[in-house]
Amino acid sequence: MCGIVGLFLKNPSLQSKLGAHVETMLVGMSERGPDSAGIAVYHSPVAAGRSKLTLFNADEAYPWRKLAGDLGAALNVETDVSQKGNHALLIAETSEDKVIDWLHANRHDVRIMGYGKLMEVYKDMGLPGAVAKKYGLKKMAGTHAIGHTRMATESAVTTEHSHPFTPAPDMCLVHNGSLSNHNNLRKWLKKQGQSFDTDNDSEVAARYFAYRLGEGATLKEALEAGLTDLDGFFTFTMGTKDGFAVVRDGIACKPAVLAENDDWVAMASEFRSLAYLPDIEKAKIWEPAPATVYTWSLH
Amino acid sequence: MNVIDLAKTPLREVNSRLQKLPKDTNERLWKLVNVHGEHACAVGLTQPIEVQIEGHIGYYCGGMNQQATIVVNGQCGVGLAENIMSGEVRVKGNASAAAGATGQGGLIVIEGDAGTRCGISMKGVDIVVGGSVGAMSAFMAQAGSLVVCGDAGANLGDSLYEARIYVQGKVESLGADCVEKKMTPHHVAKLEKLLKRAGIGANPNKFKRYGSARKLYNFHVDNVDAY
């Protein structure tokens, strides 16, 4: 069982409260996922020519400053690093591709949780409220955020298997459900040049959508293609640098509730997570229809 | 009226209090506030009391209801009035999936839309939906009536037994063994009575009736090779 939440702000005046609202939403999904939680927050974009990466090493005493120093010296660029729990936020004055290549070559013990210009990703074990507190979610301002709470039923509680999955710059996907054709799809995606970090079915979906978006599909087109190519049960919520999307499979047995007003769009597995949003009493609330793609864009 | 604030009283205590009311109770009108999407609210009630729920509510609201009248002034989650036996459950907003699942009697009124599988396996309950219903509604429905004033999603009435379905709007598609049937004066009268009971102002003459072709649930000798 899992819990999903997502909040997309249409009214810029609410941006300072993004983290606070998403924390409340995430806590609302504690019973659906008390083992671990993950969040992707779109906030504080870096200046042009810079990139932002969220990195992970289980050891809280990991030498992040040294990593940033070595990276800066090797690529001859400015770097900045700050530690949050067993994650580190790295900002470098170069493209994310160059940083990722350097990390792959020089730091095998570091996992890249997410990258791009504005997305930050944190995943940790424990109750959603504790994870949110540890990474200071409440104080994060921004445009949109997606969260996931996990109750492990079949595999170990690790950050590796936790959502959100982040297959491309500023893109993340959370999934409630299970896919039945992920092995074939993984093989096919590998042939198209995609590489995988885990054996997780949700990662296959994430990389599938990243592949479609990379081909030039719009968010809506990518998700509609997924309705044809992905077999199984799913409620997906996806974030891109300026977009937010929800889609469910044709049977729609994995729960989802959408709410929208002039100021925001919110998605959650259950209404409990939406109950405290501003003006929720007057928002439009509905259950997303099966095999129907819902997208929103900032522009 | 008794008002209970769920921000102060735990749900379990609220349900237990309502469930334990004696037959001759004078406390017949209750209001629940600050419900914030709690699951299994006002379930298992057995006395003819009225419970008003202010705000949006979670899963299985009014489940197993007997005799009580429950009114939700908001939206509700999955499994509204699941296995209702008697009484009435009314939602002023929308309901999520599987509203009225396995309901044996009583009346459910959803003034807005209902999600997928509305009235799945219903066994005698009457469900009146002011708006539209999602896909697979009245799946394996056995008895009772499902009235849809709006449209119905795909595979309406799949594997239907003897329940009656009335739809005013469009039906995306009919499920296996579900067919359109003649709307006789007898059915119009029945529907009129039901709409009146539900307080929904629709014209019964504008509805179409759907039911079981009865080809699926009886063994047919032509199919013997399939076994």
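**Chain B and its sheet, then chain A**

Modeller: Chain B is assigned two domains, domain 1 (1-81) and domain 2 (97-216), with bounds that come from an automatic or database domain assignment. Bear in mind that this is a predicted model, where local features need pLDDT of at least 70 and side-chain atom pairs count only at pLDDT 80 or more, while totals for chains, interfaces and linings use all residues. As for labels, residues are numbered from 1 along each chain as its sequence is written, and chains are lettered from A and ligands numbered from 1 in the order in which they are written.

Taken over C-alpha atoms, the centres of domain 1 and domain 2 of chain B are 26 Å apart. Five residues of domain 1 of chain B are in contact with eight residues of domain 2 of chain B; "in contact" says that their C-beta atoms, placed from the backbone, lie within 7 Å. On the domain 1 side of that contact in chain B, you'll find three nonpolar, two polar and no charged residues. For those classes, Ala, Val, Leu, Ile, Met, Phe, Trp, Tyr, Cys and Pro are nonpolar, Asp, Glu, Lys and Arg are charged, and the others, Gly among them, are polar.

Now for the sheet. Chain B has an open sheet of eleven strands with mixed pairing, in the order β1-β2-β3-β4-β5-β6-β7-β8-β9-β11-β10. Its edge strands are β1 (2-5) and β10 (178-181) of chain B, each pairing on one side only. From one strand to the next, the twist averages 15 degrees. Helices (H or I, at least four residues) and strands (E, at least two) are DSSP runs, numbered from the N terminus, and two strands pair if DSSP finds at least two bridges between them.

Zoom in on one pair: β8 (residues 143-148) and β9 (residues 164-167) of chain B run parallel, with four bridges. Within that pair, B:Val148 has B:Val167 in β9(B) as its bridge partner.

Chain B also touches its neighbour: 15 residues of chain B are in contact with twelve residues of chain A. The chain A side of this contact has eight nonpolar, no polar and four charged residues.

Chain A is assigned two domains as well, domain 1 (2-41 + 125-297) and domain 2 (46-117). Their C-alpha centres lie 25 Å apart, and ten residues from domain 1 of chain A and nine from domain 2 of chain A make the contact.

There's a helix pair to look at in chain A too. The axes of α2 (residues 64-75) and α3 (residues 96-106) of chain A come within 11 Å and cross at roughly 115 degrees. Those axes are lines fitted to C-alpha atoms, for helices over the stretch in contact, and angles run from 0 to 180 degrees between N-to-C directions. In this contact, A:Asp70, A:Leu71, A:Ala74 and A:Leu75 of α2(A) meet A:Lys98, A:Val99, A:Trp102 and A:Asn106 of α3(A). By class, that gives five nonpolar, one polar and two charged residues.

Finally, β13 (residues 257-260) of chain A pairs antiparallel with β14 (residues 264-268) of chain A over four bridges, and a hairpin of three residues joins β13(A) to β14(A). There, A:Leu258 stands opposite A:Met267. β13(A) also pairs antiparallel with β15 (residues 284-286) of chain A, over three bridges, and A:Glu260 stands opposite A:Lys284 in β15(A).

Definitions and conventions:
Two residues are in contact if their C-beta atoms, placed from the backbone, lie within 7 Å.
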